[in-house]
Amino acid sequence: MKFERQALPDVILVTPDRHGDGRGFFSETFRANTYEAAGIAGPFVQDNHAWSADAGILRGLHFQVPPKAQAKLIRCTRGAILDVAVDLRRSSPTFGQHVSAELSAENGQQLFVPEGFAHGYLTLTPDCVVVYKMTEYYAPETEGGLADAFLIGEDFIGGDPVALALGDNIFHGAGLGEQLQDINRGNQGATIFGYTVADPSSFGVVEQGPDGKAISIEEKPKNPKSNLAVTGLYFYDNQVVDIAKSVKPSKRGEIEITAVNNAYLQRGQLDLKVLPRGTAWLDAGTFDGLLQAAEYVHAVEKRTGTKIACPEEVAWHIGLIDGAQVRALATDHRNEYGDYLLRLVG
């Protein structure tokens, strides 16, 4: 049995030996004393078994806080997954960093994720089966949600206002950058963004009053009160840290971002901005969503000859860098991207 410490050394990739012949193979996947000698200490008290029908299904990220923190030993017994671990230990030198490994029925590998790490995986094939051991029983009241970002990042936030953007959300539209800068400069209370969708029950849904202000927010309601979905972009003043600390876990055991937004709503401090037609909001959290986002970006860039989310261009337009710096940065890209930067500044 082979144990390999990953770039985050507390995460260990385990490759069990396989002994095969024409009939198949035999493999010892767990032996307590061997694992303990490799630095993987139990005891493991719960086994889980998960099946996913399709490729592109994302599960997680999940984590439990002390005193119910969990370590996990994960393997894929059918199909293949991309398994991910994120270090959420504030005192760790690798805080906020992540590692990933492809686990499959074919390679037989397992990933040990220690306490203090968030864990999740993406199915790479249909008909995936994942089994994993845990060192602590499932305790939904100790699980984390989106709003835990404010607790984890409390020291980083300090006394400043803060914005939270979901990593799989893409926004694009004329004047959107200027609008976000204005909100950031005058950020009082909370600002959320609504977007009209055909299937609002898949999202958090915000209801507007006659004056256009938000009057209610519900998380994935069966009978939505409007077609306005709450997007994955939020601006908050510094009250958000204390609000996140005071929010009680939902029935799912998570500190929901909807609960944070409702707290601001109850205080009369929630501002709703409805994104206009012509603004694109794309959720790239699935294979299909990622493909649709790529097709959108490709079509816009090819038709207009401009780039979407070019950081050098954005920095130049808002005065963070000058033309000479753009030219210097262009030399790092001896391709069409570098040519585009040079065309920007003439």
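This report describes a sheet, the cysteines, the salt bridges and a surface patch of one predicted model.

## Basis of the description

The model is predicted, so local features need pLDDT of at least 70 and side-chain atom pairs count only at pLDDT 80 or more, while totals for chains, interfaces and linings use all residues. Residues are numbered from 1 along each chain as its sequence is written, and side-chain values use heavy atoms, with hydrogens and water left out.

## The open sheet

Six strands make up an open sheet with antiparallel pairing, in the order β1-β2-β10-β7-β12-β5. Strands, like helices, are DSSP runs numbered from the N terminus (E, at least two residues, for strands; H or I, at least four, for helices). Two strands count as paired if DSSP finds at least two bridges between them.

At the edges stand β1 (2-5) and β5 (46-52), each of which pairs on one side only. From one strand to the next, the twist averages 20°; the axes are lines fitted to C-alpha atoms, for helices over the stretch in contact, and angles run from 0 to 180 degrees between N-to-C directions. Strand β1 runs antiparallel to β2 (residues 12-15), and four bridges join the two. F3 has V14 in β2 as its bridge partner.

## Cysteines

The structure holds zero disulfides, a disulfide being a pair of cysteine sulfur atoms within 2.5 Å. C76 is in no disulfide, and its nearest cysteine sulfur, that of C128, is 4.6 Å away. This separation is too far for a bond between C128 and C76. C76 is buried at 4% relative accessible area, and C128 is buried at 1%. Here buried means under 20% relative accessible area, exposed means over 50%, and partly exposed lies in between (1.4 Å probe, protein chains only).

C310 is located in the loop between α7 (287-304) and α8 (311-317). This residue is buried, with a relative accessible area of 2%. C310 and Y337 are 27 residues apart in sequence, and their C-alpha atoms are 9.3 Å apart in space.

## Salt bridges

Side chains of opposite charge can pair when their charged atoms come close. The structure holds 13 salt bridges, each defined as a side-chain nitrogen of Lys or Arg within 4 Å of a carboxyl oxygen of Asp or Glu. One of them joins D10 and R89 at 2.8 Å, N to O. D10 lies in the loop between β1 and β2 and R89 in the loop between β8 (80-87) and β9 (98-104), so the pair ties together parts that are 79 residues apart in sequence. D10 is partly exposed at 33%, as is R89 at 25%. D10, D87 and R89 are linked in a network of salt bridges.

A salt bridge also forms between D127 and R78, at 3.2 Å from N to O. It links distant parts of the chain, with D127 in the loop between β11 and β12 and R78 in strand β7 (residues 72-78), 49 residues apart. E336 and K307 form another, their closest N and O atoms being 2.9 Å apart. E336 belongs to helix α10 (residues 336-345) and K307 to the loop between α7 and α8, 29 residues apart.

## A nonpolar surface patch

L82, L124 and F287 form a nonpolar patch on the surface, with about 210 Å² of accessible area together. Patches consist of residues with over 30% relative accessible area and no salt bridge, like charges being joined within 9 Å and nonpolar side chains (Val, Leu, Ile, Met, Phe, Trp, Tyr) within 5 Å. Accessible areas come from the Shrake-Rupley method with a 1.4 Å probe; for residues, only the protein chains shown count as cover. L124 sits in the loop between β11 (117-123) and β12 (128-134), and is partly exposed at 31% relative accessibility.
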